[in-house]
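User: I'd like to go through this model with you, starting with a single residue and then moving out to the chains and their interfaces. Could you take me through it?

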Amino acid sequence: MTDDQQEYIEQVFERVRNLIHSGIWGEIRLQRLNDWIGCFENHNAALLAAYLLDNLCFRSRDQFTSMLDVLFSDARVSLNGSGLTLLTDVLKKVPTGKALSICIAPVLGPSSPPTKSGPYILRLAQRQFRMKPNWMSWPAHIHYGADLSNVIFVDDFCGTGEQFCEFAAEIQLQERHEQFPNIQFWYYVATIHDKGLKTLTEKLPFVSIRYAEHLTASSAVFSDECFNRYQIPGFQQLVCSEYDRILQAAQLPTRGTFADGFGKLSLAYAYAHATPNNTLPIFWMDTVNWTSLLDR
Amino acid sequence: MNNLGQAFVRNRTEEFGLDLWGTYVLPPYYEALGLNEVGKSVVLEGGRGSGKTALLRYVSYNSQFSSNRNDIPNSAFKNIGLYLKADTQYFSAYSGGDIDERKWQDIFEHSLCLALTEQVVGALTTLNCSVDRKAKYGQLEKLDLGGAVGGYSNENIPSELEKFEKWIRLRRQELSRWFRNVESNHLPELFSLREFLGAIIQEVRSNLTYMKDSIFAVYIDEYENLLDYQQRFLNSLIKGGEPPLIFHVAMKPNGMRTRQTIGTEAIQEVADFRKLSLDILLEPEFELFSAELFFFRLVRAGLPEGLVPINSETLQDESKINDRLTNKSYRGRLISEINRILPGLKYGEIATIILADSVLSTRLKKLIGDGIRQQSSRLAADKFIDKEYPEASIVCAALLHQSTKTADEVLSQFENLKNGRPSNFKDGDWVHHFLVGSILLVYFPYRQRACPLYAGFSAFRSLSKTNVRHFVELCNLATTGLRTASEFADFSVSIDTQAEAALRVSRLFKNEVAGCGDFGNRLLAIVNVMGKLYRLSQGKPAQSEPERTHFCVINAAVTDEAERVLSEAVKWSVFFIQDESKVKGVRYESNEYVLNPIFAPFFGISYNKGRKLEMPGPQAEAMLTGTVQDYTNLLKTYERAWATSEDEQLTLGLED
Amino acid sequence: MNDKFNIVSHEFDQPEIPTQLESRQWDLAIVGNPDSDERSVVARDYAVAHSKNNLLLRYENNTIYVNNELVTRGRLQTLVESAKSVLIEATALACPELLILLKALTTRGIREISFLYLAPLEYRRNLKGNLSEHRDFDLSVNCRYKSVHGFMTDLTDTPVGQAIFFLGFEKSRLGQAFEQEETLREWQKYAVFGVPGYEPGWENDALANNVHHLAANSFEVRYVAAASAASSYKLLNDLRKADKTARPIVICPLGTKPHTIGAALFLIEHNEGQEATLLYDHPNKSTGRSSEVRRWHLYDVTW
């Protein structure tokens, strides 16, 4: 290893320790980080570990609060022909009348396990903005009627868009749209990937999408675009070869659904409360030979 | 405080406030400063971490008249210190708008006047802070401050101290308000510093018996950050200062950009002021002082004083300084105790460790093997390694790469050594010259493995030079394992922990260079380039120019711009000047610039002043003022040159 | 009590002039010198085309220049007072200019103020030649912190309060602040990062380059979207209200321009008794670095 590589590795590791120590990556425990790095070091792949950590986007609880802020603070809806600020004009006030004009629900289909993030995100948002709970509902219990003008589905992450499409099918969203063409459907998602955005725009064009962060192909951590920032000859090959070696040694998937993250998005992106499965399994998968850094 | 590991966390004076009474260890040079005898202005020069600010806060009234002080000796009244730290960003705004520089100078003068007057009032108030003090000193009702300076203002100025203090505060707020709308046609009433302050002092001396002979010594800190006209104005104060009002300034090295005053004459050293360099004054006794400080901090953090070889009161007693310096057994106890807690290894012991460590000894064997092969010899590497002679074994790695020695010769000298015969290893100083470099050479590729050379009280001292802050930070990171007093008697920091602390501190302070002054970014780049060059040199197996940590410019002097950068590098303690420039025959040689040893652990180089790197003018110019590409080229040039010739007086760029 | 300013943000994720902005008009536009920066040129052209009058503003060496002539604050107020609506071209204008301008506008009671900011397309620097030293070979001259008339205080004479640092990707600016103004280490310190960033991953530069200060100096960390002026303004007001002892506040806007806009509004609001002052290092605009437009931001401020 060259001096430069050694120093890079030490710099990144020191930085990450500081990020944990200062609370910016507060929910990651130092010991867990050390254990994960240790796995790489055992296989002489410290450079890979440094590269992955250098490019990891970890959204702590506090950072996520800021993302919810982006999602909700300036959001506007149209009600009876007039434009309203969602939070101040609607959600912070108690609804008048029997039927709701606006309904906000988590992305959680009836057959989904209760561990999905949707309800948690909604709860966070409700507390953060002091929304009146009266506006909230389970997706299966939304009362579709003449009074309802806006339905907002809330979730944290949209990768390929498959999950939301499945959810939409489960709650028969397309049918609802055809039945009530005047209802504006919204999908408020904290982070969306380009792939998901395209899928949804194609398959569910009547759903308006609002997001705080937008990932693209260059977010893939082994993409050329990502490596292009490092204009160091041979660096990409070195890191990729270490990665291939680690996958073998750690018995992490090289084929199948989760190799390269679900949908092959190859992300290095995670929240404190959950890690999308589009993120590389090297971060979140435990095997006999491998300790994870993050929890799914 | 039960956690002794926190004893060294605070390493800046700012964190201790203005009143240092009870927390300040008098530096060994305190008496030599002669601040109590002052009749002439003093220019105090000290880099970061030199203890300059702490010293000034100690001599200011805030500490001298501290409410924590039980008995104030008469000597404390001789020179009453008024300490003013120039807030740079604030005073830099004393310019511009539609106001010319001359007027700004008056406004600056007025601002100083108000601040210093407030300080005089503060001195009186702090002194008379309790009923007992008022009984002992008091007499404040005799003061007619308004009467003393009434002639300078159109307003009615209150006479009584407290009301006068409020009035001054209002004037300061008035100035502050004026800054919200800087315009020449509604300036507040401006006062002239020497007259106004002089009159106040006169009033104080005439009426307060305990201050009838007092001299007021103004210390203005961070002088180097003031604007040019502000420096000239202070220079005038220095020149014109005489008892009972004297002006002193404190600054970093090379901080005095001009000797001009606002008049026609310039100020001159000796005639108008004495220059005291705190770094130079501290150096001879840094060993004693740093050890004293170490134990003092532990006591302050809660360690019972009985467990340490110092006495807190002695360290703060001006009359005991000489005792501290001359008492041999005191010094002996101190050094031996701190060496127990921060033990170092002798070079020989490190050599033994290398031989016993599988990774390091493999590396040594490879180095030796390479050297033998280079010599086209067929001797076995094992012949040059002997556990009984670790130092010589290590040094062989270098010797075998030197073209002036053959493998056979080295082996024969090694045999001599082993058999008690005269040997170049000892008598020819081979071990003496090459051991440190060879040790570093063995550790060279293992950057994450901190070399034991950087461990130990003695190493810590060498790394910090005279920088108290660096020393304290080294202790801080090394002693995090210390918790309670009960552990103390057996407590000792492991070599590895100390060496790792040194590496971390080295990186920490290297990163801080970017924030140093106008050229911080450039200075950091220079540290990186020079560090890398010295590391390149350190990595050469022949070690024929061992322990390179400083350079001089030869043949051609550098441009003014480069001189400016050099001056900044010295100011911010990136380089230290070791020797003056000279002309050797027809060859020009500049000052010798030593890289701050605190960077040594990061680059894996020595902290001693070893061999010199002679840099031809154009290369030095590139290093000081060049572009990123120039740096890359510079490093490549040396890399190529040093890869091909094992032994060189650097001839790059030189004419024959 | 409500905050003084109401900010409505409009964001247009495209490099061309948004159709929604084509019909907007203002009485007066204030622009800065675009140098050769493409974004600033586009912004300047838009501002000039969509206003009846325009002025070129510059603050240099503690002096105000309008159309390259030295003016006093009083004169500046006179120059703006007849406008009902003003567009401030904030792409080229720097923090001190925004402050001075806002002061003049609010003093003269102008209640419709818009800020235009065009975000750049390419910004993240590449690591060249060295993995570990990409920042360390930045040879630009550091900038010194210098007070701005009207928003200044002598820190050695100010009681300890709250210091709020908006942080950007540069490595040396925060360190320089502490080096130059050591007293600030004792203040209650907040570090504000732009999360979410302009693009995911960009925030990592700011985090990486500043985190060692945070660890060493007991900062509290806060996050405000990089493009949000309203959230930065709100954060500052929230922090101020949370401090029941009403201590002095120092704002150090080293982050994104939208953050600086929010900070400027806050400073104007709370500057009467010098409770809030500015700490700023006046960086040189990178001359010659022309960058294309990524997004349009318009912030409509009323009060």
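**A residue in a loop, then the wider picture**

Analyst: Gladly; Ser66(B) is found in the loop that runs between α3 (61-64) and α4 (75-78) of chain B. Please keep in mind throughout that this is a predicted model.

User: Ser66(B), then: buried or exposed?

Analyst: Ser66(B) counts as buried, because its relative accessibility is 0%, and the cut-off for buried is under 20%.

User: What does the side chain of Ser66(B) make a polar contact with?

Analyst: The partner is the side chain of Asp19(B), at 2.6 Å. If residues up to four places away in sequence are not counted, Ser66(B) touches Asp19(B), Trp21(B), Tyr61(B) and Arg133(B).

User: Zooming out to chain B, how many helices and strands?

Analyst: Chain B has 30 helices and 10 strands, and its C-alpha trace spans about 100 × 60 × 40 Å along the principal axes. Of its 656 residues, 60% count as buried. Among contacts in chain B with a separation of 6 or more, 76% are accounted for by residues 24 or more positions apart.

User: And the largest nonpolar core, which residues have the most contacts inside it?

Analyst: Those are Phe425(B), Met530(B) and Phe551(B), in a core of 148 residues. Taking Phe551(B) as an example, and not counting residues up to four places away in sequence, the residues it touches include Met530(B), Tyr534(B), Leu566(B), Phe575(B), Met615(B) and Met623(B), while Asn591(B), Glu592(B) and Lys612(B) are also among them. There is also a second, separate core of 74 residues, which includes Leu247(A) and Leu280(A) together with Leu174(C) and Ala191(C).

User: Let's do interfaces. How many residues does the contact take from chain B and from chain C?

Analyst: The contact takes 50 residues from chain B and 45 residues from chain C. The area buried between these two chains is about 4,000 Å², with carbon and sulfur atoms giving 47% of that area.

User: How many salt bridges are found across the interface of chain B and chain C?

Analyst: The rule finds six salt bridges there. Glu272(C), for instance, forms a salt bridge with Arg180(B), in which the closest N and O atoms are 3.6 Å apart. For polar contacts, the count between chain B and chain C is 19 residue pairs, with both residues at pLDDT 80 or more.

User: Which helix of chain B gives the most to the side that touches chain C?

Analyst: Several helices each supply at least two residues to that side, among them α6 (101-127), α9 (161-178), α25 (495-512), α26 (520-538) and α30 (628-644) of chain B. The one that gives the most is α26(B), with eight residues. By class, the side of chain B that touches chain C has 15 nonpolar, 17 polar and 18 charged residues.

User: Now chain A against chain C: what area is buried there?

Analyst: About 2,700 Å² is buried between chain A and chain C, of which carbon and sulfur atoms give 58%. On the chain A side, Ile24(A), Arg229(A) and Gln231(A) lose the most area to chain C, and together they make up 23% of what that side buries. In terms of contacts, 35 residues of chain A meet 29 residues of chain C.

User: And the polar side of the interface of chain A and chain C: how many residue pairs are in polar contact?

Analyst: Six residue pairs are found in polar contact across that interface, both residues being at pLDDT 80 or more. The rule also finds one salt bridge across the interface of chain A and chain C, and the side chains of Glu203(C) and Arg59(A) meet in a salt bridge at 2.8 Å, N to O.

User: Where does the largest share of the side of chain A that touches chain C come from?

Analyst: Elements of chain A that each supply at least two residues include α1 (3-21), α3 (46-55), α4 (61-72) and β7 (207-215). The largest share, nine residues, comes from α1(A). The residues on that side of chain A divide into 13 nonpolar, 12 polar and 10 charged.

How values were computed. Residues are numbered from 1 along each chain as its sequence is written. Chains are lettered from A and ligands numbered from 1 in the order in which they are written. This is a predicted model: local features need pLDDT of at least 70, side-chain atom pairs count only at pLDDT 80 or more; totals for chains, interfaces and linings use all residues. Side-chain values use heavy atoms; hydrogens and water are left out. Contact means heavy atoms within 4.5 Å. Buried area is the accessible area (1.4 Å probe) that two parts lose on being put together, summed over both. A salt bridge is a side-chain nitrogen of Lys or Arg within 4 Å of a carboxyl oxygen of Asp or Glu. A polar contact is a pair of N or O atoms within 3.5 Å; within protein, one must be able to donate a hydrogen and the other to accept it, and residues adjacent in sequence count only if both atoms are side-chain atoms. Helices (H or I, at least four residues) and strands (E, at least two) are DSSP runs, numbered from the N terminus. Ala, Val, Leu, Ile, Met, Phe, Trp, Tyr, Cys and Pro count as nonpolar, Asp, Glu, Lys and Arg as charged, and the others, Gly among them, as polar. A nonpolar core is a set of buried Ala, Val, Leu, Ile, Met, Phe, Trp, Tyr and Cys residues joined through side-chain atoms within 4.5 Å. Buried means under 20% relative accessible area, exposed over 50%, partly exposed in between (1.4 Å probe, protein chains only).
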